[in-house]
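Work through the exercises below with the model open beside you. Try each task before reading its solution.

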Amino acid sequence: MTGDRSPRTEAIRVLDGNKACAYGVLLCKPDLVACVPITPMTPLVEAIWQYVADGKLSAELVEADGELSGLSAAIGASAAGGRTFVGTSGQGLAFMFEAYLKAAGNRLPIVMAIASRETAAPDGVVASHQDFVTVRDGGWIQIVCESAQEVLDTVIMSYRLAENPEILLPVNVCYDGYYLSYSTERVELPYASDVDAFLQPVANVKRPTLCVEEPLTVPTNTSGDIFCEFRYKHAQAHSKAKGLMDEIDLEFAERFGRGYGGQIEEYRSWDADVAIVSMGSQTGAVREVVDVLRERGERVGLVKLRLFRPFPRERLAKALSGKKAVGVIDRDVCFGWQSGSLFMETKAALQDLPQRIPVTGFIAGIGGTDLSTDMVERAFSVARLPSEGKTYQEITWLNLE
Amino acid sequence: MIKYKSPFEGPWVSARPPLFAYPTGDWRALRPIFNSSKCRHCGICYFQCPVGAVKDMSTHCHVDLTYCKGCGICAAECPNAAIVMVREEAK
């Protein structure tokens with residue numbers, strides 16, 4: 001988000017994604033932060049620890065021996081009623097998996113940043129969406145960011161969403177490793193008092209917590225109908241989170257002068273013939289190509305997906321309704337479909353429309369490679385083919401083909 | 001319309017006695033059948049039951065089937081062979 005400075009900005013800084021995330025965490029005043037440094041999110045830990053050392057943030061810091069115990073510490077603190085923050089990436093997320101499932105099932109409003117990275121093997125400490133996409137059915141809310149500013153703002157919005165008594169779900173704030181975590185950008189810092197006011201509705205919210213006076217057990221060991229009931233309630237909370245995400249985004253825009261469209265953002269797409277669906281840092285490249293092609297008179301557009309879990313199927317289908325063709329760019333692989341994950345889910349969402357829209361998928365930026373504007377232009381030219389009645393390849397690996 | 005059994009959104013449960021808040025009886029494959037004429041009211045089944053489902057010792061042993069998981073410890077420990085485990089579908 002560039003443009004004029006919002007009147008609700010205390011200062012403008014040049015920050016990378018990790019530092020922007022850390023500043024968002026500072027403003028949300030968590031009671032406990034549990035992190036194990038892992039590339040490419042290590043500076044996020046350093047920045048938060050520095051805030052505590054400087055006396056700017058009074059949070060319990062857990063230097064866990066591993067990501068599994070780190071998230072487990074956050075689970076305990078969150079169950080005791082605290083506001084908690086966790087950060088990780090790639091193999092760190094993989095190591096958390098057992099606790100990852102429990103955090104969601106126990107309905108604990110933990111916020112976790114994922115500086116997204118490839119999963120091993122091959123071993124590669126490089127950018128990708130493979131890590132958070134792999135755990136998409138773990139029951140967390142997953143929000144994907146495009147810029148450092150969006151990372152900061154999304155951390156704040158995430159606590160508002162997670163701690164809503166109708167939701168009570170943990171939230172992943174996903175930002176591409178390297179492309180976002182290490183790239184510096186202009187970032188507007190909101191006033192701490194404004195963030196306090198924005199988070200006020202969830203400041204003293206009643207939720208089940210562990211305390212001596214009114215002892216509770218979590219999670220209870222159960223099966224059968226009661227187990228089914230908790231699964232059902234968990235799924236219902238995901239349904240409710242979609243509409244609430246839009247409402248929170250609107251309120252954020254009113255207060256801070258920056259909005260992101262909620263679940264999705266539609267960019268020059270309402271009258272487009274061909275639209276590309278994208279999430280994460282590569283969306284900036286798609287945005288640029290849309291502008292270039294529009295200059296040439298081509299009716300193209302972008303639909304940026306922000307909310308990956310729960311999947312915004314209703315709004316996505318509405319945004320793509322009437323398009324002659326749709327392309328989807330993925331920085332991840334959905335094994336079994338040999339496509340990207342966003343491709344597969346977009347195709348499923350379009351099933352809700354009466355009209356059949358041809359969808360082509362592009363896998364690019366794998367292994368940390370640059371997802372360039374040239375690639376996006378190629379993607380548009382292939383995505384257009386089915387609308388012209390020409391033969392086309394359903395999935396294209398832009399790095400290889 | 002879904003009828004909720006738990007007041008909680010997640011798998012939380014009150015830890016105040018009685019500790020069993022959720023009916024674990026639907027786990028059961030074998031049901032304990034008490035023979036009151038053989039029962040000597042020693043209370044061994046009462047103390048051995050892992051979920052505290054054996055409740056009434058005043059007249060003869062009585063088990064709360066809402067919580068009995070059918071583990072069979074009571075039948076194995078009973079010194080008077082007053083308890084037999086019967087398959088649920090055969091009862």
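Domain bounds come from an automatic or database domain assignment. The model is predicted: local features need pLDDT of at least 70, side-chain atom pairs count only at pLDDT 80 or more, and totals for chains, interfaces and linings use all residues. Residues are numbered from 1 along each chain as its sequence is written, while chains are lettered from A and ligands numbered from 1 in the order in which they are written.

**Exercise 1. Locate the domains of chain A and describe how they meet.**

Step 1. The assignment gives domain 1 (9-256) and domain 2 (265-397) of chain A. Taken over C-alpha atoms, their centres are 28 Å apart.

Step 2. Count contacts (two residues whose C-beta atoms, placed from the backbone, lie within 7 Å). In chain A, 24 residues of domain 1 touch 21 residues of domain 2.

Step 3. Assign elements. Helices (H or I, at least four residues) and strands (E, at least two) are DSSP runs, numbered from the N terminus. On the side of domain 1 of chain A that touches domain 2 of chain A, helix H6 (130-134), E6 and helix H9 (224-256) of chain A each supply at least two residues. H9(A) gives the most to that side, five residues.

Step 4. Sort by class. Ala, Val, Leu, Ile, Met, Phe, Trp, Tyr, Cys and Pro count as nonpolar; Asp, Glu, Lys and Arg count as charged; the others, Gly among them, are polar. That side of domain 1 of chain A has 12 nonpolar, seven polar and five charged residues.

**Exercise 2. Trace the open sheet of seven strands in chain A.**

Step 1. Two strands pair if DSSP finds at least two bridges between them. The order in chain A is E3-E2-E4-E5-E7-E6-E13, with mixed pairing.

Step 2. Find the edges. Strand E3 (60-62) and strand E13 (307-309) of chain A each pair on one side only. From one strand to the next, the twist averages 20°.

Step 3. Check two pairs. E5 (111-116) and E7 (171-176) of chain A run parallel over six bridges. A:Ile114 has A:Cys174 in E7(A) as its bridge partner. E2(A) and E3(A) are also parallel, joined by three bridges. There, A:Val33 stands opposite A:Leu61 in E3(A).

**Exercise 3. Find the largest nonpolar core and say where it lies.**

Step 1. A residue is buried if 20 or more other C-beta atoms lie within 10 Å of its own, exposed if 12 or fewer, and partly exposed in between, with C-beta atoms placed from the backbone. A nonpolar core is a set of buried Ala, Val, Leu, Ile, Met, Phe, Trp, Tyr and Cys residues joined through C-beta atoms within 7 Å.

Step 2. The largest core has 130 residues. A:Cys21, A:Val151, A:Leu169, A:Val173 and A:Ala379 have the most contacts inside it. H7(A) contributes the largest share, nine residues.

Step 3. Domain 1 (9-256) and domain 2 (265-397) of chain A both give residues to this core, so it lies between them.

Step 4. Look around A:Val173. Beyond four places in sequence, its contacts include A:Cys21, A:Ala113, A:Ile143 and A:Val151.

**Exercise 4. Describe where chain B meets chain A.**

Step 1. 16 residues of chain B are in contact with 20 residues of chain A. The chain B side has nine nonpolar, three polar and four charged residues.

Step 2. Strand E9 (216-217) of chain A and strand E1 (13-14) of chain B run antiparallel, joined by two bridges. A:Thr217 is opposite B:Val13 in E1(B).

Technical notes:
Axes are lines fitted to C-alpha atoms, for helices over the stretch in contact, and angles run from 0 to 180 degrees between N-to-C directions.
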